[in-house]
Amino acid sequence: MEWMLDIQLGRRNLSPIQRIAVAEKYRPIYEKQARKNQLSGLKQNKDTVSQNSSKRTEPIDVRAKLAKTASVSTDTYSKGKKILILIMKL
C-alpha cells in the first residue's frame, strides 16, 4: 500500500489538498510508529532508573511527518485536513 501512495504523491499534477488527502492514508502507519516509540521510551525511562542507558528514542511528530510527505507546511497541512473533514461531513 505504501508503494501505491508513494506513486500517487509522485505525480506532478496533484494539488496541495489532493496531496494532503493521499498523505492522510499514511496516518495509521505514523501513529503506530509514534505509539511504539512512546512505549519504548517509557520502558527505557524505567530501565534508566536501574541502569544508565545512553540509547534514546527520538520523538515522532506525526503531523510534521505527514506534512513533509505531502510536501506542504505543517500549518497548510492542518488547514487542509480541516477542509477535508468538512467535505466528508457533507
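The following conversation looks at the side-chain contacts and the surface of a predicted model.

Guide: Because this model is predicted, local features need pLDDT of at least 70 and side-chain atom pairs count only at pLDDT 80 or more, while totals for chains, interfaces and linings use all residues. Residues are numbered from 1 along each chain as its sequence is written, and side-chain values use heavy atoms, with hydrogens and water left out.

Visitor: Why are Tyr26 and Tyr30 called a stacked aromatic pair?

Guide: Rings of Phe, Tyr and Trp (its six-membered ring) pair if their centres lie within 6.5 Å, and planes under 30 degrees apart count as stacked, over 60 as edge-to-face and the rest as tilted. The centres of Tyr26 and Tyr30 are 5.7 Å apart with 10 degrees between the planes, so the two rings pair and count as stacked. The structure holds one aromatic pair.

Visitor: How do you know whether Tyr26 is buried or exposed?

Guide: Buried means under 20% relative accessible area, exposed over 50% and partly exposed in between, with a 1.4 Å probe and protein chains only. Tyr26 has 4% and is therefore buried, and Tyr30, at 12%, counts as buried too.

Visitor: How many salt bridges does a search of the whole structure find?

Guide: The search finds three salt bridges, and one of them joins Asp75 to Lys79, with the closest N and O atoms 3.2 Å apart. Asp75 and Lys79 are four residues apart in helix α5 (residues 74-89), which means that about one helical turn separates them; helices (H or I, at least four residues) are DSSP runs, numbered from the N terminus.

Visitor: Why is Trp3 called exposed?

Guide: Trp3 has a relative accessible area of 65%, which is why Trp3 counts as exposed. This residue is found in helix α1 (residues 2-10).

Notes
Salt bridge = Lys/Arg side-chain N within 4 Å of Asp/Glu carboxyl O. Helix = DSSP H or I, 4+ residues; strand = E, 2+ residues; numbered from the N terminus.
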